[in-house]
Amino acid sequence: MTQNAELYPWLQAPWQQWQRLQQRLGHAYLFAAPHGIGIERFVSQVAQTLLCDQHTACGQCSGCHLFSSGQHPDFFHLALQEEKKEISVDQVRELVYKLNETSHQGGYRVAWVEGPEYLNQSAFNALLKTLEEPGERTLFILSTHQLARLPATIVSRCQKLSFAAPDLKTAQAWLQQQNPQADEALVKRALRLNWGAPIEAQNWIAAGGFEQDAEWKTALKQMQSGQKTVSQLVEQWLKWADPLQVFDYFYQWSVAAVRQANYQAESGFSREQVQNWLRFQQACLKAKQNWQANANKQLVLEALCFEWLQIQQSGESLNSVFAERASFI
Ligand SMILES: [Zn+2]
């Protein structure tokens, strides 16, 4: 079997698997994949292959041209619309209507539901009916990053394929290839800060991540020395393109601190200190959740900074405001 040049190295094995499945295609598949590994591109390859006149995603035929320009009449994409919190029943109805309306030329029709976890209840119900009887030569692909949020009724109607994140070595090799000038330590850090997801890491680098990282490290020093106040720094961070990343930075900081203590038994870090870092690690996760739940962003970040300062400066055990059901909403 041949490699698919359009796909990332870690998606080659799943692609081979899909090639075998394709010989006896079902009518609904659920792709469960972590964020940032390029599942979107995988879906796109699956669809283009089915819609290609040669069944190879050749890139030359009229089917491929229509697909690449986003105008293939037998390809349907349902996803969360910008600024919306859920996929509405109207969106699903429109898809169903189009599926019933289009008279295709005997080929496949492919409907991609991206992020079915965003469907609201009535949208789910509408989709369920169609999943049961999708019509001839119609393939449904559902792709999700949050399998646990999907109702069993949906999952049970699809054949499930799970995609794993690449191992660190594979991800690192790929990322290094994309960024030949970056040194190894930076590439590793980019991956860690992006939870091992290579494409997220690549986007982060492209958006000036290394510079931002350096800025963050400087900020920590300024905070510790009192050169800048917590509110000054928080204000600065809130201007970032994605301020949510501050939580990941703090989280990675605590991971590194704990790791350092574990590797250097003679480092002199007290048990209590290590416990504090672990507590802080949890606080980072909780604080991020608070933030995502529309809490007062300034307050959440400031509270986290003060906890960080506290564990730097005192040996007392940290009572994080995020430990309980603290909410800043
Ligand atoms: Zn083609």
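**Strands and helices**

Analyst: Start in the sheet, where A32 stands opposite S162 in strand 5. Keep in mind that this is a predicted model.

User: Which strand joins strand 5 there, and by how many bridges?

Analyst: Strand 1 does. Four bridges link strand 1 with strand 5, and the two run parallel.

User: How many bridges join strand 1 to strand 4?

Analyst: Five, and that pairing is parallel too. In it, L30 sits opposite L142 of strand 4.

User: Is strand 1 enclosed or open?

Analyst: Largely enclosed by the rest of the structure, because four of its five residues, 28–32, are buried.

User: How many bridges join strand 3 to strand 4?

Analyst: Six. Strand 3 covers residues 109–114, strand 4 covers residues 138–144, and they run parallel.

User: Let's switch to helix pairs. At what angle do helix 7 and helix 8 pack?

Analyst: About 120°, with their axes 10 Å apart. Helix 7 is residues 168–178, and helix 8 is residues 184–193. The two helices are therefore oblique to each other.

User: Is the crossing left-handed or right-handed?

Analyst: Right-handed, as helix 7 passes helix 8.

User: Which residues meet there?

Analyst: From helix 7, they are L168, A171, Q172, L175 and Q176. Helix 8 brings V187, K188, A190 and L191. By class, this contact has six nonpolar, two polar and one charged residues.

User: What about helix 13 and helix 14? At what angle do they cross?

Analyst: Roughly 175°, and their axes come within 10 Å. Helix 13 is residues 271–292 and helix 14 is residues 297–313. That angle makes helix 13 roughly antiparallel to helix 14.

User: Which residues make that contact?

Analyst: Helix 13 supplies N276, W277, F280, A283, C284, A287, N290 and W291. Helix 14 supplies K297, V300, L304, E307, W308 and I311.

User: How does that split by class?

Analyst: The contact of helix 13 with helix 14 has 10 nonpolar, two polar and two charged residues.

User: Now zoom out. How many helices and strands are in the protein chain?

Analyst: There are 14 helices and five strands.

User: What box do the C-alpha atoms fill?

Analyst: Roughly 70 × 45 × 35 Å, taken along the principal axes.

User: How much of the chain counts as buried?

Analyst: Of its 329 residues, 31%.

User: Last one. What share of contacts comes from residues 24 or more positions apart?

Analyst: They account for 70% of the chain's contacts with a separation of 6 or more.

Terms used. Residues numbered from 1 in each chain as written. Predicted model: local features only at pLDDT ≥ 70, side-chain atom pairs only at ≥ 80, totals over all residues. Axes fitted to C-alpha atoms, helices over the stretch in contact; angles between N-to-C directions. Parallel < 35°, antiparallel > 145°, perpendicular 65-115°, else oblique. Left-handed = near helix turned anticlockwise from the far one by under 90°. Contact = placed C-beta atoms within 7 Å. Nonpolar A, V, L, I, M, F, W, Y, C, P; charged D, E, K, R; others polar. Pairing = 2+ DSSP bridges. Buried ≥ 20, exposed ≤ 12 C-beta atoms within 10 Å, placed from the backbone.
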